[in-house]
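Thanks, everyone; I would like to take a few minutes to go through one model with you. Please have a look at the sequence and the structure first.

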Amino acid sequence: MCGIVAYIGKKEAYPIVLKGLKRLEYRGYDSAGIALIQNDAITLLKKQGKVSNLEDFASKLDTSGFCGIGHTRWATHGAPNDINAHPHLSMDEEIALIHNGIIENYDILKKELLSKGYIFKSETDTEVLVHLTDHISKTENVWFGEALRLALSHVVGAYAIVAISKKYPNRMVAARKSSPLVVGVGADGDFYLASDATPIVEYTKKVVYLDDEEIAVIDLNEGLKLYNIADQPKTPFFQQLEMELEALEKGGYEHFMLKEIHEQPRSIHDCFRGRLNAEEGWVSLGGIREYEQKMMQANRLIMIACGTSWHAGLVGEYLIEDLARINVEVEYASEFRYRNPIVNENDVVIAISQSGETADTLAALELAKSRGATILGICNVVGSSISRITDAGSYTHAGPEIGVASTKAFTAQVTVLTLMALSLAQKKGTISDTNFRMLLAELEAIPEKVKIVLEANDKIEAIAKEYKDARNALYLGRGSSFPVALEGALKLKEISYIHAEGYPAAEMKHGPIALIDEEMPVFVIATQGASYEKVVSNIQEVKARKGKIIAIITEGDTTVKEMADHYIEIPETNEYLVPLLATIPLQLLSYHIAVMRGCNVDQPRNLAKSVTVE
Ligand code: G6P
């Protein structure tokens with residue numbers, strides 16, 4: 001996690017870096033800091049907590065300077081306080097450095113440096129980097145960029161680093177391994193660096209994504225040069241950003257999460273736009289077309305993901321197994337990578353990741369690749385690490401998701417997986433043409449139906465009011481609504497801090513039923529479909545124990561409507577597509593409950609959006 005941002009050029013660096021940090025705050029908000037080169041010295045500004053704390057602290061200070069680096073932290077080594085905040089300085093205050101990632105062998109390096117007389121101020125792993133760079137620079141008599149390159153050859157771990165030196169006010173050096181870093185090239189010969197493109201897009205759309213073990217040397221006179229870790233020059237690959245600035249603003253909504261929930265009619269549409277045509281009866285995921293044969297013949301499709309993306313994978317499992325009759329397994333990336341999985345060239349491994357940077361997912365993919373599997377990606381962030389290491393993939397096109405709790409990225413992932421299931425089913429001949437066309441038409445109608453669900457906002461807010469003080473909550477669903485229940489529970493716990501569990505409705509009898517009393521809200525996805533009657537029975541079991549039922553039902557349903565304490569209707573759709581609609585009211589419920597409880601909806605405590613540490 002952690003966000004890094006830097007600027008060097010003719011403009012004042014501080015406002016650019018500060019604004020960039022605000023954009024990257026979703027990556028961590030334990031502390032923030034900025035280093036500026038001022039009059040041949042480095043000025044350091046650091047504060048525990050959010051970027052706004054840093055802003056207040058710096059408001060009366062001199063923040064001038066044309067070269068600056070900034071960092072917003074999600075703590076790994078060392079408490080989230082001012083001292084542990086980045087940037088970190090060399091002892092003589094000549095070099096300042098910011099880092100996203102983890103230095104795994106920092107302990108050994110630290111001991112060596114301590115024995116050479118280095119004094120550490122912080123408890124971070126990062127501080128070893130700056131002292132090691134300083135040490136090499138002095139002992140080998142090389143400039144700080146070369147010293148950093150040499151230092152990195154001693155480092156085990158993941159990093160995105162930007163370093164500056166007061167002796168070279170016109171230079172900035174950056175390096176990456178496993179943690180993302182983008183360089184923006186401005187029109188005025190100035191440069192912007194950041195963990196992702198969001199802090200850059202308002203200044204320039206011309207960017208270079210650094211590759212693993214690549215070092216960028218920026219010199220205001222000589223421009224941008226890239227090297228590998230062995231010091232061989234590399235040719236920069238310039239790309240144009242397609243992101244628009246408006247996508248990064250709240251656009252009148254109180255929170256990013258609420259904006260992103262409301263964006264879903266558009267994001268789902270953007271996700272399938274150009275990829276299906278119900279009238280002509282085709283679906284095509286261009287990015288993976290060449291791999292579909294392989295997927296159809298694969299021993300297994302293994303979906304690997306974390307958090308919300310893992311839930312999307314579970315929905316995909318139901319769809320692909322049922323429609324295309326291909327064996328699918330869904331794995332937590334962190335478990336997969338450490339359990340010596342049986343995976344080989346007959347498997348196709350599909351990583352699902354909003355950010356495309358999740359460390360466990362990335363590592364699990366690398367493992368699968370090393371064992372010969374074909375690796376594919378379903379990512380939202382264009383140019384992200386996962387999208388770059390995979391053999392092929394499909395972007396979700398949901399646009400930037402800023403709220404830490406994932407909403408529109410989830411429905412976009414489910415949309416891609418639905419398209420994938422339909423495409424494979426058609427090619428395999430496991431779906432009739434009539435069904436295929438009907439499902440395409442139903443999918444095309446989903447954005448309009450999501451709009452209808454969103455209109456229930458006031459009703460959902462009223463329900464939220466009734467349950468905002470609950471201490472526990474249970475979410476139940478069957479079939480592809482089971483992952484929706486998991487996702488509903490995750491949304492509630494991550495932003496409102498109410499303990500919530502998602503369960504397959506039938507499993508309730510094997511444990512959770514013991515928890516049910518008149519205090520317990522039970523959210524049930526009870527839409528029309530194959531398991532409807534069974535879910536109705538489960539609802540009765542909850543009612544018999546005085547639990548409160550909040551049911552998501554299909555418009556026009558009367559049975560559950562009468563049984564439930566509260567109900568939220570969603571428009572009728574094919575059962576395969578219910579997750580795309582049933583998720584929406586659960587997102588809104590969590591949102592309103594969190595707001596009523598005074599929680600920070602967009603930046604829930606202890607969480608970060610992009611988990612780049614394992
Ligand atoms: C974090 C985020 C979640 C996300 C998960 C996986 O926990 O807070 O919202 O679902 O990481 O992230 P990814 O970017 O791989 O989808």
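Predicted model: local features only at pLDDT ≥ 70, side-chain atom pairs only at ≥ 80, totals over all residues.

How many helices and strands does the secondary structure of the chain come to? The count is 19 helices and 27 strands, where helices (H or I, at least four residues) and strands (E, at least two) are DSSP runs numbered from the N terminus. The radius of gyration of the chain, taken over C-alpha atoms, is 25 Å, close to the 25 Å that the globule rule (2.2 Å times the number of residues to the power 0.38) gives for 614 residues, so the chain is as compact as a globular protein of that length.

Residues are numbered from 1 along each chain as its sequence is written, and side-chain values use heavy atoms, with hydrogens and water left out.

Turning to the ligand, 13 residues surround it, the closest being Ser 309, Ser 353, Gln 354, Ser 355 and Thr 358, with a heavy atom within 4 Å as the criterion. By class, that shell divides into 4 nonpolar, 8 polar and 1 charged, and its largest share, 3 residues, comes from helix H9, residues 307-324.

As for polar contacts (pairs of N or O atoms within 3.5 Å), an oxygen atom of the ligand lies 2.4 Å from a side-chain N or O atom of Thr 358, whereas for Gln 354 a backbone N or O atom is 2.7 Å from a ligand oxygen.

How values were computed
Polar contact = N/O pair within 3.5 Å; in protein donor to acceptor, adjacent residues only side chain to side chain. Nonpolar A, V, L, I, M, F, W, Y, C, P; charged D, E, K, R; others polar.
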